[in-house]
Amino acid sequence: MAARRATMAFSSVIYGTFMLSPPQFSSSLSHYYSFHSNSNSNSNSESESESESLQFETLDEALSSFNRRLDMHPPPSIVDFVKLLTSISKMKHHSTVLSLSHQMDSFGFRPNVYTLTILINSFCHLHRLGSAFSVLAKMFKLGFQPNTVTFNTLIMGLCIEGKLGDAHHLRDKMIEEGFQPDTITYGTLINGLCRVGNTSAAIMLLRSMEQENCQPNVVVYTSIIDSLCKDKQLTEAFNLLSEMLTKGISPDIVTYTSIIHALGGLGEWKKVTTLLKEMVNSNIMPNVVCLSVVVDALCKEGMVAIAHDVVDMMIQRGVEPNVVTYNALMDGYCSRSEMYDAVKVFGTMFQKGCMPDVISYNILINGYFKIQRIDKAMHLFHEMSRQELIPNTVTYTTLIHGLCRMGRLQDAKEFFHEMVGRGQMPNLVTYRILLEYSAKMDILQTQWFC
């Protein structure tokens with residue numbers, strides 16, 4: 001009864017949330033893990049001017065602008081190229097940045113610390129760490145002094161590659177060279193530790209950061225809170241949330257989403273309700289990421305009807321569900337073998353212009369195999385090709401498992417060979433299924449591979 005009351009209260013707050021005011025959209029989770037792209041908070045006005053970017057809708061537009069600048073007489077300032085390269089880097093076209101930088105060299109444009117730092121950033125994102133450090137060596141050779149952004153970018157690159165020891169060593173080297181690590185430096189290191197699950201070390205670094213009079217921001221706190229939530233250390237996560245509020249650091253949509261995700265997974269709907277109310281009272285409206293987390297958690301708890309209500313309210317209030325939202329709802333229906341409703345959701349995706357992905361098809365294929373509708377499952381499998389979607393390991397493993405359960409081992413074997421032939425490598429689940437049904441059917445395990 002208590003759980004039912006909590007669920008009803010949760011449903012009411014969802015409706016109340018959407019009735020209060022129009023949704024305010026927030027940027028995606030990904031900005032939390034791009035510390036290096038921000039300007040150094042201590043940089044002077046010249047560096048701020050050079051680190052600004054130009055605004056382009058497409059890469060072609062940016063390239064046209066670059067080519068026009070190359071043809072200008074007299075040639076434009078290097079600052080113009082810095083802004084242009086920064087814009088292309090933000091568009092994540094890192095290989096293009098390298099190519100354009102090479103063109104600038106061939107036209108006689110002398111690099112500066114900013115162009116070289118942009119190069120380092122692109123090499124790091126392309127997992128070419130050796131090349132990134134070669135650019136640092138070039139910087140010294142040309143007589144330039146790297147700045148804090150340069151070091152932060154290299155630290156980010158080391159963290160991306162999981163070289164956290166080297167990243168911490170580079171921070172120490174920064175200090176030796178007279179540079180003061182800033183919030184971005186510590187934030188990058190803390191995020192790196194959280195990504196590998198070393199939350200305790202991240203908290204220790206947070207305390208060191210404070211002792212160095214470097215104030216953590218919402219990004220730093222949220223990285224640790226998210227990691228604590230993934231470790232199911234909710235008490236510690238709430239303690240950090242309280243610490244943030246005490247220091248006057250306001251949580252944002254990502255902070256709340258991390259905690260709501262963890263609470264939903266534990267069925268703590270009363271606490272989810274409280275957090276949603278707090279968000280609304282703080283003028284932070286749940287966005288598609290936050291509400292997709294709620295939908296997924298509700299479906300996993302078997303509350304698919306309420307989850308569907310949330311999706312309907314999202315649509316009514318202009319928060320368009322994405323493929324993740326719809327997949328969560330379809331999975332909820334499939335887990336209850338309610339395939340009619342799952343297919344209706346699938347159809348809604350097409351109507352709303354939200355194209356299903358491989359996961360969408362995997363969910364439905366698995367759902368049909370659960371109710372032994374192999375014809376429907378195979379129809380969807382073949383439809384994937386028509387939609388130019390490539391079946392992955394999960395797709396084939398689902399097919400193999402379903403066919404084995406129905407005693408169609410020869411068909412399962414054929415799909416196993418097709419899977420390998422198409423470069424989709426079997427995983428542990430695939431092999432476990434093969435071993436299980438080899439034993440059940442009393443056949444030689446080697447027959448699967450012949």
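This is a predicted model: local features need pLDDT of at least 70, side-chain atom pairs count only at pLDDT 80 or more; totals for chains, interfaces and linings use all residues.
Me: Let's take the inside. Which residues have the most contacts inside the largest nonpolar core?

Reply: General idea first: in soluble globular proteins, nonpolar side chains tend to be buried together. A nonpolar core here is a set of buried Ala, Val, Leu, Ile, Met, Phe, Trp, Tyr and Cys residues joined through side-chain atoms within 4.5 Å. Buried means under 20% relative accessible area, exposed over 50%, and partly exposed in between, with a 1.4 Å probe and protein chains only. In this structure the largest nonpolar core has 134 residues, and I190, I260, L329 and I400 have the most contacts inside it. The largest share of this core, nine residues, comes from α16. Helices are DSSP runs (H or I, at least four residues), numbered from the N terminus.

Me: What does I260 touch, leaving aside its neighbours within four places in sequence?

Reply: Contact means heavy atoms within 4.5 Å. On that basis I260 meets V272, L275, L276, M279, C290, V293 and V294.

Me: And I363, is that residue buried or exposed?

Reply: I363 counts as buried because its relative accessibility is 11%. I363 sits in helix α20 (residues 358–370). Beyond its neighbours within four places in sequence, I363 contacts N327, M330, D331 and C334.

Me: Now polar groups. Which side chains make polar contacts with the side chain of T325?

Reply: A polar contact is a pair of N or O atoms within 3.5 Å; within protein, one must be able to donate a hydrogen and the other to accept it, and residues adjacent in sequence count only if both atoms are side-chain atoms. The T325 side chain has such a contact with that of S292 at 2.5 Å, and another with that of N322 at 2.9 Å. T325 belongs to helix α18, and T325 is classed as buried because its relative accessibility is 0%. Not counting residues up to four places away in sequence, T325 touches V288, S292, V295, V311 and M314.

Me: Where is N112, and what does its side chain reach?

Reply: N112 is in the loop between α5 (94–106) and α6 (113–125). Its side chain reaches the backbone nitrogen of Y114 at 3.0 Å. N112 also counts as buried, because its relative accessibility is 13%.

Me: Backbone next. Which residues have a positive phi without being glycine?

Reply: Most residues other than glycine have a negative phi, and most peptide bonds are trans. Here K232 has a phi near 60°, and E388 has a positive phi of about 60°. K232 is in the loop between α12 and α13 (234–246), while E388 is in the loop between α21 (374–386) and α22 (393–405). K232 counts as exposed because its relative accessibility is 60%; E388 is exposed as well, with a relative accessible area of 73%.

Me: Where is P74, and what is the peptide bond from H73 to P74 like?

Reply: That bond, from H73 to P74, is cis, with omega near 0°. P74 lies in the loop between α3 (59–70) and α4 (78–90).

Me: Last one: how many cavities of 30 Å³ or more does the structure hold?

Reply: On a 1 Å grid over the protein atoms alone, a cavity is a set of points where a 1.4 Å probe fits but cannot get out; lining residues have an atom within 4 Å of a point. Grid points are joined across faces, edges and corners, and a volume is the space filled by probe spheres set on the points. The structure holds two cavities of 30 Å³ or more, and the largest cavity has a volume of about 70 Å³. Among the residues lining the largest cavity are L85, M104, F109, R110 and K138. Helices α5 and α6 each supply at least two residues of that lining.

Notes:
Residues are numbered from 1 along each chain as its sequence is written. Side-chain values use heavy atoms; hydrogens and water are left out. On a 1 Å grid over the protein atoms alone, a cavity is a set of points where a 1.4 Å probe fits but cannot get out, and a pocket is an open set with protein on both sides within 12 Å along at least five of seven lines; lining residues have an atom within 4 Å of a point.
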